Amino acid sequence: MNLSKILKNAFLVVLFGLIVTACATKKSVKTTEPSSTTTTTTTKADETQKADPIQKLDALMQGDVYIGSDTVGELASGVPDRVFFATNETILTTASRETLRKQAAWLRQNSDVTVVVEGHADERGTREYNLALGERRANAAKDYLMTYGVSSDRIKVLSYGKERPVDSGSNPLSWSKNRRSVTVKAN
Amino acid sequence: MRNKILLIFFIYFFLKPGISYSLVEIDITRGNLDPLPISVSPFFSDETSKEKIKEKLDIDNLGSEISKVIENNLRKTGLFETLDKESFLQKPDIAHLKPRFEDWALIKSQVLITGNVTSKIINEKDYIRIEFKLWDVLGAKMVDGFSLTTVPTNWRRVGHKISDKVYERLTGESGYFDTRIIYVAEEGPKTQRVKKLAIMDQDGFNTKYLTLGNELVLTPRFNPTNQMITYLSYFRNMPRVYLLNIETGKQEVVGDFPGMTFAPRFSPDGKKIIMSLAKDGNSEIWVRNLETNIQEKLTDHPSIDTSPSYSPDGKYITFNSDRSGYQQIYVMRSDGSKVKRISFGKGIYGTPVWSPRGDLIAFTKLHKGKFFIGVMRTDGTGERLLTENFYQEAPSWSPNGRIIIFYRETKTDDKGEGFSAKLWSIDLTGYNERLVSTETDASDPSWSSLLGN
């Protein structure tokens with residue numbers, strides 16, 4: 001994939017994000033209007049606060065894949081350490097592939113570095129199945145890194161299943177942050 | 001801890017052969033909404049024995065404590081209503097010799113349990129001798145009983161043995177009280193849980209921790225024939241199935257596998273372990289023979305195959321696979337042939353566990369954002385959901401196949417706080433759902449077989 005294509009993809013993602021945000025804002029304004037006419041100012045403030053998380057959610061999730069930057073660390077400067085997955089899925093999204101290409105490029109430049117790709121699942125599945133799912137996710141990321149020139153003996157996989165969530169919430173946004181694979185330096 | 005888990009030895013004999021027909025009987029195949037009134041008279045001890053026992057155990061009245069163990073066990077079945085001791089008209093020692101049945105009938109008791117505890121010295125060592133009798137109040141006769149001699153520290157197990165006898169006599173099914181539960185004890189914040197292997201008596205007493213919490217441990221399971229357990233440990237960040245002898249504390253990795261092994265379970269004869277091996281993004285089911293050290297792959301499919309569990313005759317294995325697109329339950333022969341999907345209801349299905357009776361498979365089901373524990377016949381028909389909650393899974397059967405223990409996690413609040421994990425039990429009938437008390441948060445319970453003598 002060439003640079004212009006990547007830029008185009010990134011642009012599309014940003015554009016989509018903006019549209020979604022815009023829609024959400026419009027919606028939230030609409031819902032607050034009727035209540036503001038009939039109730040006191042305090043409830044009006046409450047309503048706005050309530051609308052906020054919904055608006056945020058649309059900007060942070062695409063389908064049910066997390067697209068925000070909260071919890072995302074760096075493998076190296078400018079190289080995000082993790083990618084996110086849809087529920088029960090191991091398919092890499094466009095954004096995930098972009099992140100992994102950055103990781104691969106950096107790993108090619110730093111050939112002495114070895115990594116562990118940790119695979120994680122959200123809490124909405126049975127423990128044993130999630131261990132297998134985490135392993136499948138970590139391998140999806142590993143395979144992609146290998147396609148971009150990182151040799152397999154530099155990449156170990158480690159599945160944590162649902163054992164190590166980054167976000168302790170019990171809601172769709174928290175779960176989306178937890179469905180991830182994280183590339184961690186091992187040496 | 002080694003000494004405490006040593007199997008007890010005792011002289012075990014029946015006072016009378018148990019041939020007599022009891023009028024009292026309980027049908028436990030349906031939810032029992034009308035529990036049987038039962039009186040557990042405090043077991044009697046003479047003053048000399050009391051003093052001797054107090055020296056050894058620091059318990060004032062051991063007889064009374066043993067009767068509490070029995071009472072507690074029976075009440076928690078939901079099948080019995082244990083009557084208040086305050087209402088008892090007859091003194092424990094007299095009742096044990098010959099109950100005045102009218103007195104017990106007067107307080108509406110249908111069954112009476114009496115006993116006595118004496119201290120004994122055999123070969124200069126202290127022992128306790130416990131005698132127990134089970135009386136049918138309406139039939140005005142003794143229907144069962146036994147006496148046994150054991151070391152004083154085993155007194156709770158004596159209570160459990162008596163409970164098993166009573167349960168067996170009154171329901172016609174074998175009991176489950178002289179058993180242990182192994183589980184994962186949990187502490188700390190949700191994002192950094194510290195997990196240890198723990199073991200306790202079925203009634204929540206005598207908790208012991210078997211690992212220190214330095215590495216993540218998951219899914220311990222009992223060997224149905226001895227005191228071995230198998231579990232998953234992240235020792236040195238290499239998730240592998242281990243074997244642990246809880247009497248000696250000795251542990252070892254099971255097999256030599258080129259990837260993560262997980263979801264272990266013993267075969268009914270205790271000689272094999274089935275588990276999953278995850279490698280290159282694919283999980284398959286393997287079996288390893290612990291005697292011959294031969295390991296063999298049983299499934300061969302690019303999907304996730306996990307959570308295997310043997311049928312009690314060892315001829316079949318039920319397992320979890322997403323080969324149809326989502327998690328479903330399958331059954332195959334124990335050599336891996338004749339794979340057949342059995343779950344076809346709405347939702348996704350996981351953690352199938354074969355009942356020790358062989359007729360049912362317990363499972364976890366996720367449907368419309370809720371988690372259910374249920375049972376179905378081994379061909380997939382007759383699905384019955386027993387309990388519904390925000391999150392629950394990992395059913396494990398009581399050795400008599402009447403009760404399922406599982407764990408349940410709570411939903412956290414807006415700040416991500418309020419998380420807890422607890423053990424719960426429920427009858428096969430769907431009645432009598434109970435919190436199983438544990439010292440810490442708990443998950444992944446596995447119920448032992450009856451401990452034997």
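Colleague: To begin, is B:Thr351 buried or exposed?

Modeller: B:Thr351 is buried, because 29 other C-beta atoms lie within 10 Å. A residue counts as buried if 20 or more other C-beta atoms lie within 10 Å of its own, as exposed if 12 or fewer do, and as partly exposed in between, with C-beta atoms placed from the backbone. Please note that this is a predicted model, in which local features need pLDDT of at least 70 and side-chain atom pairs count only at pLDDT 80 or more, while totals for chains, interfaces and linings use all residues. Residues are numbered from 1 along each chain as its sequence is written, and chains are lettered from A and ligands numbered from 1 in the order in which they are written.

Colleague: Where does B:Thr351 lie?

Modeller: B:Thr351 belongs to strand 22 (residues 348–354) of chain B. Helices (H or I, at least four residues) and strands (E, at least two) are DSSP runs, numbered from the N terminus. The phi of B:Thr351 is positive, about 40°, although B:Thr351 is not a glycine. Most residues other than glycine have a negative phi.

Colleague: And what is phi for B:Ala263?

Modeller: B:Ala263 has a positive phi near 55° and is likewise a residue other than glycine. B:Ala263 is found in strand 14 (residues 260–266) of chain B, and B:Ala263 is buried, with 30 other C-beta atoms within 10 Å.

Colleague: Turning to chain B in general, how many helices and strands does it have?

Modeller: Chain B has six helices and 30 strands. Buried residues make up 48% of its 453 residues. Along its principal axes, the C-alpha trace of chain B spans about 70 × 50 × 50 Å.

Colleague: At what angle do helix 3 and helix 6 of chain B pack?

Modeller: Helix 3 (residues 62–76) and helix 6 (residues 155–171) of chain B pack at about 45°, with their axes 9 Å apart. Axes are lines fitted to C-alpha atoms, for helices over the stretch in contact, and angles run from 0 to 180 degrees between N-to-C directions.

Colleague: Which residues make that contact?

Modeller: Among them are B:Ile66 and B:Val69 of helix 3 of chain B, and B:Trp155 and B:Ile162 of helix 6 of chain B. Two residues are in contact if their C-beta atoms, placed from the backbone, lie within 7 Å.

Colleague: Finally, how many residues does each chain give to the contact between chain A and chain B?

Modeller: Chain A gives 23 residues and chain B gives 30 residues. On the side of chain A that touches chain B, helix 4 of chain A gives the most, with 10 residues.
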